[in-house]
Amino acid sequence: MSDALLARLDKITDPASGKGLVDAARLDGAVIDKGVATIVLKANADEDSATLKAAIESAALELNDVERVRVITTIQRSPGAPTKADAPRQAAADSPRPAKRIIAVAAGKGGVGKSTVAANLAAALAKQGLRVAILDADIYGPSIPRLFGLRDIKGLKKTDKGIKPAESHGVRIVSMGFLTKPDQPVVWRGPMVQGAIQQFLNEADWGDPDVLFIDMPPGTGDAQLAIAQTVAIDGAVIACTPQDLALDDARKAMGMFEKTHTPILGLIENMSVFLCPHCGEPSDIFGHGGARAEAEAMGVPFLGEIPLTIELRERSDSGHPVAFGDGPVADAFARAADAMLASADEARKPAPEIAFSS
Ligand code: ADP
């Protein structure tokens, strides 16, 4: 959000309440990026929105750094009135849900710490007393077994309640890694990925957790599609590092979810600053703040920054996610997990119908 823009827009009177537009909570977004101001206005059926839009446009153009203005109006639909765009999600919504909330964690490429983020968001919620489970669908590099000290598990049993997950720190876990040998990567074809994900979602004995995380494989559309066709998920968290290239990949990952109309719950910047293990002094190894700026530009929530620390890597390798404990990194994950749940609550509200002004 741009403060200067907000201050300018608040001088415009909301016809319904007589307050300023910001004060009257009529704006869902107001950002300036490369000379373009994008303003999201909650439309009100009873008013002349053209007059209001014109007032917004001329107010924004008064700012020196604004060359062009885009006003997006959102119309609140009543619940239970889906748009055409909701069709794939609507079909999945009719299937039984294996958890109260289902959240995918994704990244555009491997190595940005996606699994570390998934494991620690799960740990942060488990620490708060929530019941948490993880489906590790990352066929190319399943690291959840290592992160939870379950590397010795080979194969999964079936009971009369379904496929029996492994369990660590109270978290029920099903991983593609339980089915493949570490040094012999199986060549998965798209339909096999889809089949395995659908089977695990539908047939594992998840125990009705509060949150089921899905650790997504990087960079493939198959898994996103399989999930969208199987269950209505609450949304996706995108992990990235501060570098520009990683952000390009994050954009691609978001694009794949957008194709299946899956809400983006937010971006998390991992390896944001290096915390020196000796003095605690932070240093920006990869630069920092890129993901926050990107989230703002794309209009998605920014969930937080996770520092690069030796403790985090060591605790990950020894199978005890750092967020089960205390300290600055555990706190960073706890804040990100809270922001993620708040974003998931927001995503459950009826989706606005978007109309672009010319
Ligand atoms: P991905 O799932 O994106 O492939 P991983 O979560 O497996 O990545 O992380 C890759 C490596 O980086 C692992 O060795 C992990 O312990 C390490 N790592 C990830 N995030 C951090 C961090 N914030 N600080 C230190 N090491 C990290």
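**Entry 1: the chain as a whole**

I began with contacts (heavy atoms within 4.5 Å): among those in the chain between residues at least 6 apart in sequence, 73% join residues at least 24 apart. This is a predicted model, so I kept its rules at hand: local features need pLDDT of at least 70, side-chain atom pairs count only at pLDDT 80 or more, and totals for chains, interfaces and linings use all residues. Residues are numbered from 1 along each chain as its sequence is written, and side-chain values use heavy atoms, with hydrogens and water left out.

I then looked up the secondary structure, which comes to eleven helices and 15 strands. Helices here are DSSP runs of H or I with at least four residues, strands are runs of E with at least two, and both are numbered from the N terminus.

Of the 358 residues of the chain, 50% count as buried. Buried means under 20% relative accessible area, exposed means over 50%, and partly exposed lies in between (1.4 Å probe, protein chains only). The chain exposes about 16800 Å², and carbon and sulfur atoms supply 52% of that area. Accessible areas come from the Shrake-Rupley method with a 1.4 Å probe; for residues, only the protein chains shown count as cover.

**Entry 2: confidence**

Next I checked pLDDT, the predictor's confidence in each residue, from 0 to 100. The chain has a mean of 84, and 87% of its residues reach 70 or more. Where pLDDT is low, the predicted coordinates should not be read in detail.

**Entry 3: around the ligand**

Which residues come nearest to the ligand? I found Gly111, Lys114, Ser115, Thr116 and Pro307, out of 17 residues around it. A residue is near a molecule if one of its heavy atoms lies within 4 Å of it. By class, this shell has five nonpolar, nine polar and three charged residues. For the classes, Ala, Val, Leu, Ile, Met, Phe, Trp, Tyr, Cys and Pro count as nonpolar, Asp, Glu, Lys and Arg as charged, and the others, Gly among them, as polar.

Four elements each supply at least two residues of the shell: helix H4 (114-127), strand E12 (264-275), strand E14 (302-308) and helix H10 (310-317).

- Glycine 111 places a backbone N or O atom 2.8 Å from a ligand oxygen.
- Asparagine 270 has a polar side-chain atom 2.9 Å from a ligand nitrogen.
- Threonine 309 has a backbone N or O atom 3.2 Å from a ligand nitrogen.

The protein covers 83% of the 560 Å² of accessible area that the ligand has on its own.

**Entry 4: threonine 309 and isoleucine 310**

I stayed with threonine 309, which lies in the loop between E14 and H10. Is this residue buried or exposed? Threonine 309 counts as buried, at 11% relative accessibility. Its side chain reaches the backbone nitrogen of leucine 312 at 2.9 Å. Leaving out residues up to four places away in sequence, threonine 309 touches Leu275 and Val329.

Isoleucine 310 belongs to helix H10 and is partly exposed, with a relative accessible area of 37%. Its C-alpha atom is 8.3 Å from that of leucine 275, 35 residues apart along the chain.

**Entry 5: other residues I looked up**

Aspartate 138 sits in the loop between E5 and helix H5 (144-147) and counts as buried, at 5% relative accessibility. Setting aside neighbours within four places in sequence, I found aspartate 138 in contact with Lys114, Ser115, Asp215, Met216, Pro217 and Pro218.

Where does aspartate 208 lie? I found aspartate 208 in the loop between helix H6 (190-203) and strand E10 (211-215). Its phi is positive, about 50°, although it is not a glycine, and the residue is partly exposed at 42% relative accessible area. Methionine 271, in strand E12, likewise has a positive phi, near 55°.

Isoleucine 72 lies in strand E3 (residues 68-76) and counts as buried, at 9% relative accessibility.

Terms used: A polar contact is a pair of N or O atoms within 3.5 Å; within protein, one must be able to donate a hydrogen and the other to accept it, and residues adjacent in sequence count only if both atoms are side-chain atoms.
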